[in-house]
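Hello,

Here is the structure for you to look at. My notes on it follow below.

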Protein chains: 2
Amino acid sequence: MLLNITNNKKQTMITGENHIGNQRSAMGDKTYTTFNPKLNIENNQRFTEATSEEINQAVDLASEAFKTFNKKSGQEKATFLRAIADEILAMGDELIALYQSETGLPEGRAKGERGRTMGQLTSFATMLEEGSWVEATIDTADLDRKPIPKQDIRKMMVPLGPVVVFGASNFPFAYSTAGGDTASALAAGCPVICKSHPMHAGTGEMVSEAIIRAAKKTNMPNGVFSNLNSSGIEVGIELVTHPGVQAVGFTGSIQGGRALYDIAGQRDEPIPVFAEMGSINPVVLLPEATQNRGEDIAKTYAGSITLGTGQFCTNPGLILGIKSESLTNFINTLSTEIVKLEPSCMLHPNIIGNYERNKQKVLEQDGLTVKADYQEDVAVNHARQTIVTVEGTTFLNNTTLHQEVFGPFSMVVQCNDASELEEVINHLEGQLTGTVLGELNELQKFNTVVDALQNRVGRIIFNGVPTGVEVCPAMLHGGPYPSSTDSRFTAVGVHSVKRWVRPFSFQSWPNELLPNELKNENPMGITRFINGQNTKDKI
Amino acid sequence: MLLNITNNKKQTMITGENHIGNQRSAMGDKTYTTFNPKLNIENNQRFTEATSEEINQAVDLASEAFKTFNKKSGQEKATFLRAIADEILAMGDELIALYQSETGLPEGRAKGERGRTMGQLTSFATMLEEGSWVEATIDTADLDRKPIPKQDIRKMMVPLGPVVVFGASNFPFAYSTAGGDTASALAAGCPVICKSHPMHAGTGEMVSEAIIRAAKKTNMPNGVFSNLNSSGIEVGIELVTHPGVQAVGFTGSIQGGRALYDIAGQRDEPIPVFAEMGSINPVVLLPEATQNRGEDIAKTYAGSITLGTGQFCTNPGLILGIKSESLTNFINTLSTEIVKLEPSCMLHPNIIGNYERNKQKVLEQDGLTVKADYQEDVAVNHARQTIVTVEGTTFLNNTTLHQEVFGPFSMVVQCNDASELEEVINHLEGQLTGTVLGELNELQKFNTVVDALQNRVGRIIFNGVPTGVEVCPAMLHGGPYPSSTDSRFTAVGVHSVKRWVRPFSFQSWPNELLPNELKNENPMGITRFINGQNTKDKI
């Protein structure tokens, strides 16, 4: 029923064309479709892959748009971002139905993710309206200083230039077309060229239309946003190597992110790539908590591991404990509970194919015990949740076991003692999150374990689950490689804007020609760092 | 006389050994000397190149030291940095004489640079004592929130890990052993392994000794600092590829910086390299200013071009004007004035060799006119200052003319009109600085020229000279590639600490176990961003 509605409306709304700034364009002859994993059929609409000419047009338009967009005030950019949120909402149920038809995800998730996406856009708008995010820093002159006069120097963040954003398979709204990367780049003052994710090209096109409508309504320059269809890797590579592109945002696999990082680093003029990639999100289960609350924790984690069919980058794929009867009980409860849950649909046959393949690769390793493996019949493209367990030494000696299995899968590592547990942590690759499940006194008792975990992750959680990434300024979503390509930035929260800006200094510049953020009068009333002090004062 | 004093004292002070943490070590059999360019002789002391074993020892010690150094309070790190400054000063005239014997630079410069270096160290100490630099960001919990409770999340900057700092040839104090990169990395909480610059290995060893003394006096862990001798590229490459190294700071040539950047990017776990590299620092001479003040500007720039024998990264190597009688007069005055100045000594025969070679390469290009070329006899290793001029179209069509000639050399490009001037700017590579010499009304009249310049540089100056980089928070020393490898960071000023830190989030962490910066009580009284507001309040 939903699908019929969608398909009917598609004829008026979805064309399969690229957005090259305010124009639609479909010059190429390579087309592709999206896929409905629940119905296990291709959707009707064909999308036309962007050509090299269209890529060049989009980048050239973005470069031209940058000249005026980088001068827009915070208020003007905020109005633009709020308008995008409004236009997305105005797409109504048609957009939600299309999202569902391209992902197999339930309506609640679609609406929740839409809300998150709108919330991200408005959080950047609020940041822009307040204005202090530019980190205005002023050192006033002292022309009488000996032996050398001190000049007036004023610094603030300015945008880098056109940014390429790669849509993510697992967040068609929140980390794709108008998602966190796009919202933060536009907030920074950078035009965005989105490489649409092929699995939800229709959703991408509709959201792009919302962005373009918002751009027109708020008088943003043509080229401030483009959306390019692409089913393979060529369009992405052409974009990342294009001299007009100044930065790249990516959410996806380690293989994909690293390839883009390498390509960008090999340019004549290298550019930054912020890629948020794989993570198995280790969870450390300390002994007392295991004894006191092992069953409750097991039930909670059965839910966290299967949430969204395990298709979250913060999915807890690795649970580390110290051998004990309580740990055995925890493993048994987790295994019993997780198979009680109804398997759910993955995003695409490719995704579930990878899940089964990667899981199989792990299951073939020596020393592994399968504790839970959903055995009932499941609907097409639905994933069977799986829990395995392994000894600490086996894990340490086999890095295949350290690889992410994207889906509802988790491995419990049973260590002999705290020292082996610490060694396991020290041998992990960089992770988005680390979680400690323990009693308060255990945090101190196992302080070297906790220190080791902190050193490998971007966010550490006490007695919670890693899934559910709050959108707030204090959130760090990123971490040591390979969870991200640069641990110095976050992909979530308003501080993610820092990926797309550079500090810029004006020396002895006339006050009336300075940006408002740096003028003596502080017309925006922002917090500034003046002569070593944070203040909202005028000069 | 000075040299004798130096050589006598060397016997007690300088050993030619590496500092591996608190131990001296000279396991290798490859040795080299530094060179006195004024006397044109090798200095006596032989320095022993670090071996692979010593490199591994230094990195392992640094990794071990990191575990405790990253927990030192801001106050403790500040005490350490201030102690380094004190120990450097305590080295007295012996250090100054040694510096001079290895660089040919005058005493005033040596003492001035020592003061700058001490000032940098104490500016980071002040930053640490105040404490707000960690960008503490707190979002408090709302456990009643529907549909999902909001967890308490708190974020602050934490150090990356061991940092390798490459000594710079042109700043033996301020951008080498205890220079800006080291000071900022130690302030961040990162142990430093310095790859000593071979041209001033003795100065490097003495300053290292000062750092080690300070580290011992202030109870810093063994391995918080090491200094490795190296005359070639091998030690640097081994350091940058070592898995224990987490970031790299470099000041030097584009060729060297890019090589390190590429090596670091190709690691299994890529690490950030901040390299501050070449720049020709374009100066735009607008017509009215040329007419009104051309002669004065010419005299000022004769001084700026030859300052420190042109061995500053902000040396104005390119002057862009629009053809006019005034511009001709400016060129003539600049040429007349610059040859009146006494040539001075370059740092090393290799440096003057490169200067002569690079200058010759430019002089061989078609369409170039030599306007000034110091013709008198000069002392050994002293550089002849040179001014050349070229047409805008010639410059546009020959990128050889865009390359840096490190030394007292500058090229005046005579453009036909403002449009050609803008085109020239748009074709420049990224630069540390850009300068506009103009009357106030000309900034508006030539706004597209100014916009173009802003887009290519890290710092823009109105009616001044680019040489003289003030050490202050508002300074941006860096810029678009290739002036630096990452325009999002500065190499000068306290904000340079941001290169060596990453944000880290604690979720639902017990208050008493949080770092002081994030505790409810705000015991350090720092400014924090709490629930979207900057405040020094407790929670």
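This is a predicted model: local features need pLDDT of at least 70, side-chain atom pairs count only at pLDDT 80 or more; totals for chains, interfaces and linings use all residues.

Where they meet, eleven residues of domain 1 are in contact with eleven residues of domain 2. The side of domain 1 that touches domain 2 has three nonpolar, five polar and three charged residues.

Now the chain as a whole. Chain A has 16 helices and 21 strands. Its radius of gyration is 25 Å, close to the 24 Å given by the globule rule for 539 residues, so chain A is as compact as a globular protein of that length. The C-alpha trace of chain A spans about 75 × 65 × 40 Å along its principal axes. Of the 539 residues in chain A, 60% are buried. If you take the contacts in chain A between residues at least 6 apart in sequence, 76% of them join residues at least 24 apart.

One element to look at is helix 6, residues 180-188 of chain A. How many of its nine residues are buried? Nine of the nine are, so helix 6 is largely enclosed by the rest of the structure. Among these buried residues are A:Asp181, A:Thr182, A:Ser184 and A:Leu186. Just after helix 6, A:Gly189 takes a positive phi of about 105°.

Regards

Technical notes: Residues are numbered from 1 along each chain as its sequence is written. Chains are lettered from A and ligands numbered from 1 in the order in which they are written. Helices (H or I, at least four residues) and strands (E, at least two) are DSSP runs, numbered from the N terminus. The radius of gyration is taken over C-alpha atoms; the globule rule is 2.2 Å times the number of residues to the power 0.38. A residue is buried if 20 or more other C-beta atoms lie within 10 Å of its own, exposed if 12 or fewer, and partly exposed in between; C-beta atoms are placed from the backbone. Two residues are in contact if their C-beta atoms, placed from the backbone, lie within 7 Å. Ala, Val, Leu, Ile, Met, Phe, Trp, Tyr, Cys and Pro count as nonpolar, Asp, Glu, Lys and Arg as charged, and the others, Gly among them, as polar.
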